[in-house]
Amino acid sequence: MKKVIAFVSIMSMAGTILAPMAAFAEENTAATSVASDAKTRCLEKIEKKTGELEKRRVEETSKRETRKAELDQKFYERTSDRDAKLSKAREEWDKKLAERKAKKDAKMPEELKAAWETYQAALKAALATRQTAHDAAVTTFRGAVKTANDTRKAAIDAAITTRRAAVDVAIAELKLACDKSSADQLVAFRKFSDAVTAAVRAANDTIVAAQRAHYDAIRAATKTRNTALEKARTDFRTTHEAALKVWNDARNAYWKAKWEAKKQSVTTPTPVTP
């Protein structure tokens with residue numbers, strides 16, 4: 001009987017000891033489950049934000065590439081159209097110049113042909129020089145525009161790459177917070193938001209600076225082109241005026257001599273033969 005009572009006492013004491021341990025185990029399991037659920041929700045929230053950022057990133061890249069393609073196409077069409085119009089205008093000018101010269105050649109006195117051909121050669125050389133200077137100025141301008149466009153694109157691409165890297169680092173740090181308490185997670189999400197905002201602001205500042213630099217480069221290239229074109233026109237005008245003066249002097253001298261000879265023949269009486 002005493003053994004039975006002792007056994008019951010021992011079992012009662014074991015139950016008293018093991019009951020709290022079982023309760024603790026259940027509480028620990030429940031806590032682990034809650035923590036696991038919290039981590040899952042945290043990661044899901046991060047994945048959602050990451051998906052939204054990636055969607056915006058893809059849309060932004062698509063818009064940027066589409067815009068660049070449109071600008072490149074417009075630039076190509078504009079330059080091709082201008083080249084075609086310029087080529088046509090030069091052909092028409094050369095044709096009219098040749099027709100005018102042919103008409104003048106048919107009526108040109110023998111004494112003036114050398115001076116006339118000298119003037120025509122000077123005019124042709126001046127036109128060729130102006131055309132060469134014009135084409136060089138336009139080619140230089142287009143090269144500067146392409147360089148400015150490429151520089152702007154490189155700066156924007158670098159800014160976006162830097163921004164993406166900063167966001168990726170912020171996301172990685174945010175995921176580590178999912179193992180921490182809710183308060184720590186809240187702090188981590190705020191830190192993540194601040195990091196993304198700072199990265200976006202830095203990228204935007206870089207992009208704005210690139211746009212301004214691009215505008216300044218285009219404006220400088222335009223000024224350089226216009227200066228070169230104006231110099232080409234001025235040089236042509238100076239050379240042509242000098243050649244034209246020589247031609248006009250020769251023509252005036254010829255007709256003056258013709259007039260003097262005619263006047264002399266009129267005023268001088270013909271001797272009468274007895």
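Among contacts in the protein between residues at least 6 apart in sequence, what percentage join residues at least 24 apart? With that settled, please go through the disulfide of Cys 42 and Cys 178, with its surroundings.

Modeller: The percentage is 84%, counted among contacts (heavy atoms within 4.5 Å) between residues at least 6 apart in sequence. The model is a predicted one, in which local features need pLDDT of at least 70 and side-chain atom pairs pLDDT 80 or more, while totals for chains, interfaces and linings take in all residues. Residues are numbered from 1 along each chain as its sequence is written, and side-chain values use heavy atoms, without hydrogens or water.

The protein has 3 helices and 0 strands, in the order α-α-α along the sequence. Both are DSSP runs numbered from the N terminus, helices being H or I of at least four residues and strands E of at least two. Helix H1 covers 2-107, helix H2 113-176 and helix H3 182-267. Of the 274 residues, 18% are buried (under 20% relative accessible area with a 1.4 Å probe, protein chains only).

Now the disulfide itself. The cut-off is a pair of cysteine sulfur atoms within 2.5 Å, and the count by this rule is 1. In the link of Cys 42 and Cys 178 the sulfur atoms are 2.0 Å apart. The link is left-handed, with -70° about the S-S bond.

Around the link, Cys 42 touches Cys 178, Gln 185 and Phe 189, leaving aside its neighbours within four places in sequence. Cys 42 also belongs to the largest nonpolar core, a group of 13 residues. Such a core is a set of buried Ala, Val, Leu, Ile, Met, Phe, Trp, Tyr and Cys residues joined through side-chain atoms within 4.5 Å. Together with Ile 46, Val 167, Ile 171, Leu 174, Phe 189 and Phe 192, Cys 42 is among the members that touch the most others. H1, H2 and H3 each give two or more residues to this core, and H3 gives the most, with 5.

The pockets complete the picture. A pocket is an open set of points on a 1 Å grid over the protein atoms alone, where a 1.4 Å probe fits, with protein on both sides within 12 Å along at least five of seven lines; its lining residues have an atom within 4 Å of a point. The largest pocket has 33 lining residues, and nearest its centre lie Leu 71, Val 145, Asn 149, Arg 152 and His 214. H1, H2 and H3 each supply at least two residues of that lining, with H1 giving the most, 14 residues. The second largest pocket has 20 lining residues, of which Trp 93, Asp 94, Leu 127, Arg 130 and Gln 131 are the closest to its centre. H1, H2 and H3 again give two or more residues each to this second lining, and here H2 gives the most, with 9 residues.

How values were computed. Buried means under 20% relative accessible area, exposed over 50%, partly exposed in between (1.4 Å probe, protein chains only).
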